[in-house]
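Please follow this account with the model open beside the text.

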Amino acid sequence: MSHSQRRRPEDPQIRALAQMIASRSMSRRSVLGAAGALGVTGLLAACGTSGTSGGGGTSAAPVDVTDLSESEKIVNWANWTLYLDYDDGTKKYPTLEQFKELTGISTNYSEDIDGNDTYYGKVQAQLNAGQDIGQDIVTLTDWMAARIIRQGFTQELDHANIPNISNLLPNLQEVDFDPGRHHSLTWQSGYAGIAWNKSRFPKGLKSVSDLWQPELKGRITVLDEMRDTMGLLLLDAGVDISGQWGESEFGAGLDVLRENIASGQIRQVKGNSYKEDFISGDAIAGIVWSGDIVQMNFENDDQWEFVIPEGGGTLWSDNMLVPVASPHKANAERLMDFYYQPEVAAQVAAYVNFISPVVGAREAMEAIDPELVDNPLIFPTDDDLEHAYAFRSLDADEETSFTSEFQQSIGA
Amino acid sequence: MSSRVLGRRGKKLDLRSAEELRAERRKGRTGQYLVLPGMIGLALFFALPVLVLLAMSLYTKPPGAEIGEFVPALQFSNYAVMLEAYWPVLLRSFWFALIATVLALLIGYPMAYLVAVRLRQHGLLKGILLVLLIAPFFSSFILRTQAWKQILSDEGFIAQTLKAVSLLPADGHLTATPIAVVAGLTYNFLPFMVLPIYANLDRLDTRLLEASGDLYANPVTTFTKVTLPLSASGVFAGTLLTFIPAAGDYINASLLGNNRNTTMIGQVIDSRFFRVIDYPGAAALSFVLMVSILILVIIYIRRFGTRELM
């Protein structure tokens, strides 16, 4: 939709060609040559490589984008499913309606992201070529946010346009992948921990090792998100996953995983779809995400219990980022600012049931749903936060080798 | 073939005028031009991507490179590394696909025969059954597989019954096992087996079956000597249409399996591409899969293929 509203060719390659044609200093041959070169680089870009750039470091070409926010009152936002307050009656997102009323900016909200990896696979080539992916905000998990910031695929945020950034929770203000939060802003956070079916396994679980009890054989599911499953296994072995650890600690954790997959203790390693196995009864316990359990309990009569294991749980966040070549950065910043008002953040938290990153959202929740104020999975206690760790950032080589080993261990 | 036709008509051609000959040639060329769009399409959308895939499979990652950054090279070791790690998965994929193809044939042939031959005189019933055969195509492949997951689940009717009659151990299960994956493959590709066989048997001249009976052949002999050979090209098409997509399938393997013992090559390619961001590795595996299927199919055609397929 937004594409049709853009008059200038946004693709830097096309723009370069257009400039060349405009300057008239060209022969037929040079045009053909340029077209050929475009074809080749386009082809390579489509393969997901940077083609000619051989060295390391950031690979994206610098892009100069004119911000069209003044003339085009729109912002395109790609997010995960069930991640924004939604009114089934009106089929609208109430907070987005409020945002439009307040600012005149309409939001094209899409639930385009169903996995960090798959979304990256989809847009990486375009970002690498400095092209507009049609989104002005993308919402990605810490480690993927780290990757695309490192690769130069994001625009710098102007904090002057986001005064409410002062409401960001103190423990989220400094992150190692984005010092000073100049490229990213937290959308929601959550834990990975352990959960079990209360009626089928009344004695419950305390630690990750409890999952390996014989009576749970074949009834365990763990997440295919490496940082959560491995993070919990490493924490169970006493490793501080935020601190310095390396190949040997990771390898030891991987051995535990392999062993329990080989013995049939762990039946499946899954992404979002683990929820179906909990509901169908195939899985009785496992490593899960906190918000999912809150939502599932809401829809299925409170069948499960979630805890942060004794060794500790992982704390992750999804972050809003403005991709390179997005022509609506100022609009995107206004939207971020809007969602950092405590009253708005509370409306979102009441629906999505993940941890709100906004100071004051808890007080604002009193007015919306007093019952949720004391829900530690939405407004964590200090004790919980002390037991929740962020997985440290990996460099490119570590990321490739750890992911590869993890994927091989789970059989893919 | 065309030269033979011309040769046989050689004498007649001499009698025609040069004008007629030219007209004839023009007509021949029009036919060639009509093939052009198809050929260009094939070149653009098949040959070129395959070449890109081949080139990609030989790319290398320079030291210290960013994730997803690869440079052109001739790194043939990509193939060795991938094959060494994943040859069991590749073999398993072909094995699963083979079992599913045989099962689909055993289930599908009688179905096709019933509709095409037995019910030939019963227009309405035949029509209803035909619609039922095609009906699965009207709903999503993924949804149907998802439904099977519920049917086969531990708390489901089938698993509970099997446990009650001790066919399944008390702590056993059906989902996340090779049985579930092969069953899913068989189920999902069954229509691809049935329809070509049906199309073939529908043209079967039943007078030949009567003649066979008149010559004192029993039903088994009639089937093996008359019906089966006459429907061979349908069986052939059905087995290819089932085996080839089944070998590369990953929906069944990930929904019904998703376990170390059920991983199929499609899942590995997906994981190398999207998770590990190892494009050369994923490309190498895809290429190996394509070439292996091609070789298997060529062997199959050589051994069992009918003349018109050659």
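Helix 13 spans residues 361-368 of chain A, and its buried residues are Ala361(A), Ala364(A) and Met365(A). Seen down the helix axis, these buried residues fall within an arc of 110°, so they line one face of helix 13 of chain A; the arc is that of the directions from the helix axis to the C-beta atoms. An α-helix has 3.6 residues a turn, so residues three or four places apart point the same way. Included in what covers the buried residues of helix 13 are helix 12 (342-352) and helix 14 (370-373) of chain A. Helices (H or I, at least four residues) and strands (E, at least two) are DSSP runs, numbered from the N terminus.

The model is predicted: local features need pLDDT of at least 70 and side-chain atom pairs count only at pLDDT 80 or more, whereas totals for chains, interfaces and linings use all residues. Residues are numbered from 1 along each chain as its sequence is written, while chains are lettered from A and ligands numbered from 1 in the order in which they are written.

Helix 11 of chain A (residues 329-339) is mostly covered, with nine of its eleven residues buried; among them are Ala332(A), Leu335(A) and Phe338(A), and also the charged-type names Lys329(A), Glu333(A) and Asp337(A). Ala332(A) and Leu335(A) are both in contact with Ile137(A), which, leaving aside neighbours within four places in sequence, also touches Val75(A), Trp77(A), Ala78(A), Met320(A) and Val322(A); a contact requires C-beta atoms, placed from the backbone, within 7 Å of each other.

Ile137(A) is, with Ala285(A) and Ala345(A), one of the residues with the most contacts inside the largest nonpolar core, which has 154 residues. Such a core is a set of buried Ala, Val, Leu, Ile, Met, Phe, Trp, Tyr and Cys residues joined through C-beta atoms within 7 Å. The largest share of this core, 13 residues, comes from helix 8 (residues 178-201) of chain B. Domain 1 (11-32 + 50-189 + 316-378) and domain 2 (191-314 + 392-410) of chain A both give residues to this core, so it lies between them; the domain bounds come from an automatic or database domain assignment. The C-alpha centres of these two domains of chain A lie 29 Å apart, and their contact takes ten residues from domain 1 and nine residues from domain 2.

Between the chains, the contact takes 32 residues from chain A and 35 residues from chain B. On the side of chain A that touches chain B, the largest share, seven residues, comes from helix 16 of chain A. By class, this side of chain A has five nonpolar, 20 polar and seven charged residues.

How confident is the predictor, and where is confidence in chain B lowest? In chain B, helix 1 (residues 2-8) is lowest, at a mean of 44, and helix 4 (residues 77-118) is highest, at 95, on the pLDDT scale of confidence in each residue from 0 to 100. The predictor gives the complex an ipTM of 0.75 and a pTM of 0.79.

Notes:
Contact = placed C-beta atoms within 7 Å. Buried ≥ 20, exposed ≤ 12 C-beta atoms within 10 Å, placed from the backbone.
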